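Have a look at the model first, then go through the notes below.

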Amino acid sequence: MDLMTTLKVSLLENFYPEGWDLARIDACCANAPESIGERQPFWHPAFAPVGCADVGELDVKLGHAIALEIRTAKEQGRQLAMILPAGPMGMYKWTAYFLRQWGTDCGHLHTFNMDEWSDAEGRTLPSDNPGSFQYAMEQALFLPLGELTVPESQRNFATADNLPTYAGKIAALKADGAELITVFGIGRAMHIAFWEPHFGGEYADDAAWSAATHRIAAQLHPLTIEQNAITSFKSRTTLVPGRANTIGPGLFLQSDRILGGCDGALGRGMQWQGLSLWTTLRHGPDRWLPSTFMPTLPGTLFYLEELAGPLGAEIN
C-alpha cells in the first residue's frame, strides 16, 4: 500500500502535475545511497554531484566555488553574469569571506536574481521587506562584501519592469565575452527558480519550453508554497505569496556552468529534498520536471549525503 495504489478518488488525485509519472519518480528514489554518484547517460561529461557531510561543509564548498568563478573572471579580465537564488543562502557568507580574503572586487560582476514573490499583476514586495529576495540578497551578500561589492547598477532583481530585460542584458554580456553561471537549488516540485512543473503542459514540445526566458506573476504549485512555508516562513503558510516573477529555461539553459546546492535536511532524520535530488539525477530531462535538465549542463551539484537516503519509512 502506497500513494500509487491509493491515489484514485483521494483528495490528491488531481494534485500532482499531469505529466508526472509517479512510479518512475519513485523508482529514481529506490537506488542504494552509495550509487547516487554513478554517471548517467544524460549527464554532461563535465557535470558531477559532490556529497557533503553536513550543511557547514556544503556552504563552504558552494561559497568557495562561487567566489572562485568571480575571481577567475576578474583575473582573466572579462565580465561575468551570474543568476543567483534566494535559497539556498548559507553559501553567500563564504562567498563574501573568500572574496574579501583575496581582495577581489566585484566591479566586473553582473547579478541576476532568478525570482521574486509577486501578486497577480507581478508587483513585488518592497526591497526593505524581510520576506523579499532582494532584501535577503543585500543582507547575505552585497552588504558583507563592503567596498568590494557588486555595483548597484549591475544588480538585477526580478521586478515586473526589470525581469523582461534579463535576456537582452545577458545576451549583450555574452556577446562581449562574458560567461553565464547559474547558481541554483532544487525545489520540492523539482522546479528551478520558480519555473514550476505544471508549466510543462503549456508548451507543444521541449524546444518551445526551452525558449521561454521568464514569466511574470507565475502561479506557484502548492508543493512550492508549502516548501517555502517550511524553509522561509517558520511554517506560516499564510505569509507565503501564491505567485512569483521568475526566470525560465530560456535563460538557465544558456549557462556556461552551473553550481547547485541541495541542503534540504530538517534534523532528527527528517528531510524534504531527497526525492527531488534523486529525480534530478536519475530521471532524465523532462519539461514536467525542470530540475532534470540541470545535469545536462557542465558544473557541480553539492548535496547533503543524508539526502541520498535510504529513502524509506521512519516515523518521527
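Keep in mind that this is a predicted model. Let's start with I83, which sits in strand β2, spanning residues 80-84.

**I83**
- I83 has a relative accessible area of 1%, so it counts as buried, the cut-off being under 20%.
- Setting aside residues up to four places away in sequence, I83 touches F112, M114, I170, L180, I181, T182, V183, I247, L251 and F252.
- I36 is 47 residues from I83 along the chain, and their C-alpha atoms are 26 Å apart.

**S132**
- You'll find S132 in the loop that links β4 (115-118) to α5 (133-142).
- S132 is buried too, with 1% relative accessibility.
- Beyond its neighbours within four places in sequence, S132 is in contact with E116, L125, P126 and S127.

**Largest pocket**
- The largest pocket has a volume of about 910 Å³.
- Its lining takes in 26 residues, with C29, R188, L275, L311 and G312 nearest the centre.
- α2 provides the largest share of that lining, three residues.
- By type, the lining splits into 14 nonpolar, seven polar and five charged residues.

**Second largest pocket**
- The second largest pocket holds about 750 Å³ of space.
- There are 35 lining residues here, and A86, G87, P88, T231 and S232 lie nearest the centre.
- α3 (55-75), β4, α5, α8 (222-232) and β10 (265-267) each supply at least two lining residues, and α8 gives the most, with four.
- This lining divides into 17 nonpolar, 14 polar and four charged residues.

Terms used
Residues numbered from 1 in each chain as written. Predicted model: local features only at pLDDT ≥ 70, side-chain atom pairs only at ≥ 80, totals over all residues. Heavy atoms only, no water. Buried < 20%, exposed > 50% of the residue type's maximum accessible area, 1.4 Å probe, protein only. Contact = heavy atoms within 4.5 Å. 1 Å grid on protein atoms, 1.4 Å probe; cavity = no way out; pocket = protein on both sides within 12 Å on 5 of 7 lines; lining within 4 Å. Points joined across faces, edges and corners; volume = space filled by probe spheres on them. Nonpolar A, V, L, I, M, F, W, Y, C, P; charged D, E, K, R; others polar.
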